[in-house]
Amino acid sequence: MSDEKQAKSAQERVREHRRFNILSLDGGGVRGTIEAVVLDRIQKEFPKFLQRVDLITGSSTGGIQALGLAAGNSAPENRQAYEEMAKVVFADCFLDDFRDLWKLGGADYSAKNMRRALQMQFGDTLLRDLDKKVAITAFDLDSGPESPNRSWKLKVFHNFDNSDSDGDEKVVDIGCRTSAAPVYFPTVDGYVDGGVAANNPAMVGVAQALDPKRGPGAAFESINVLSLGAGRSGRWIKGKNHDWGALQWAPHILFMMLEGSVDATDFQCERLLGDRYLRINPELPDKFRIDDWKKIPDLVKVAEDVDLGRGLEWLQEHWK
């Protein structure tokens with residue numbers, strides 16, 4: 001075999017064995033504590049874990065953590081920053097509740113606390129300045145009058161170097177947009193929480209990785225996905241027949257859409273990627289509100305009790 005053919009064969013072997021590792025982080029408010037603690041535990045057992053991540057995708061609270069990790073925070077630093085931030089972001093007072101008629105006439109929390117907390121962490125850092133590639137979801141409420149098909153739509157902010165890149169956007173702005181949960185926070189620049197469209201952003205990461213124009217154009221066979229959830233609550237509706245209207249469905253419909261989309265993405269990734277996909281999303285012993293920062297210690301315990309044995313074996317085999 002000629003030297004040229006030998007070199008070509010070597011390049012092909014490299015392409016065939018090169019892994020493209022995606023870390024995906026769900027939304028879930030303060031329940032994102034679970035993701036932060038699990039990541040901390042993983043890095044302690046597998047120190048090269050974050051070094052081998054090629055793309056971090058996140059929605060809402062997971063989007064904020066994704067930005068922190070991409071900016072160079074270690075898993076322990078990410079955990080500490082997240083727990084401290086939650087107490088500030090979800091600070092509330094009687095006067096604010098009164099002015100907003102207890103959520104009936106305004107968002108429950110001010111976006112100022114969120115922006116202030118993110119500003120302290122990221123300053124004026126731009127998306128293109130991050131150490132790692134990211135794909136952060138938000139929901140654009142209006143594509144604009146110039147759009148031929150004016151509508152709301154999913155928006156994925158990324159920092160891959162191409163004409164579609166959002167590299168010139170400030171990290172703080174992206175963090176505020178992805179986490180602007182309706183009812184809890186006001187809209188930010190016309191965006192609301194990315195969890196509205198993709199609370200589990202794993203397939204967003206896969207699509208971004210495969211795209212040769214907006215992403216790296218990775219080979220499908222090279223993609224591994226570690227998907228971390230913010231805990232699964234046991235919810236159900238008794239009975240077989242429900243002739244309900246808007247009033248009866250109101251307490252359930254948001255959770256049905258959010259949790260249903262999470263499960264749908266899990267199903268798709270599992271079927272498409274097979275053993276190159278791992279999901280860690282523990283069952284919660286109780287229902288946790290997304291803004292109840294006082295229950296962070298309880299969430300920490302849930303995360304510390306997760307059996308990571310299979311996950312660590314999976315990482316050793318696939319995360320190369």
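Is cysteine 269 buried or exposed? Cysteine 269 is buried, because its relative accessibility is 0%. Buried here means under 20% relative accessible area, exposed means over 50%, and partly exposed is in between, with a 1.4 Å probe and protein chains only. Cysteine 176 is buried too, at 4% relative accessibility. As for disulfides, meaning pairs of cysteine sulfur atoms within 2.5 Å, the count is zero.

A word on the source. This is a predicted model, in which local features need pLDDT of at least 70 and side-chain atom pairs count only at pLDDT 80 or more, while totals for chains, interfaces and linings use all residues. Residues are numbered from 1 along each chain as its sequence is written, and side-chain values use heavy atoms, with hydrogens and water left out.

Now the overall picture. The protein chain has 320 residues, and 49% of them are buried. It holds 12 helices and seven strands. Those are DSSP runs numbered from the N terminus: helices are H or I with at least four residues, strands are E with at least two. Contact means heavy atoms within 4.5 Å. Of the contacts with a separation of 6 or more, 76% join residues 24 or more positions apart.

Next, the cores. A nonpolar core is a set of buried Ala, Val, Leu, Ile, Met, Phe, Trp, Tyr and Cys residues joined through side-chain atoms within 4.5 Å. The largest has 60 residues, and Leu23, Phe49, Leu67 and Leu226 touch the most other members. Take phenylalanine 49. Leaving out residues up to four places away in sequence, phenylalanine 49 touches Leu23, Leu39, Ile42, Leu226, Leu315 and Trp319. There is also a second, separate core of 17 residues, with Ile22, Ala135, Ala209 and Ala218 among them.

On to a helix pair. Helix H2, residues 33-45, packs against helix H3, residues 61-70, at about 35°, with the axes 10 Å apart. Axes are lines fitted to C-alpha atoms over the stretch in contact, and angles run from 0 to 180 degrees between N-to-C directions. H2 brings Glu35, Ala36 and Leu39; H3 brings Thr61, Gly62, Gln65 and Leu69.

Alanine 180 is buried, because its relative accessible area is 1%. Beyond neighbours within four places in sequence, alanine 180 contacts Phe185, Pro186, Val188, Tyr191, Val192 and Asp193. Serine 60 is 120 residues away along the chain, yet the two C-alpha atoms are separated by 7.4 Å.
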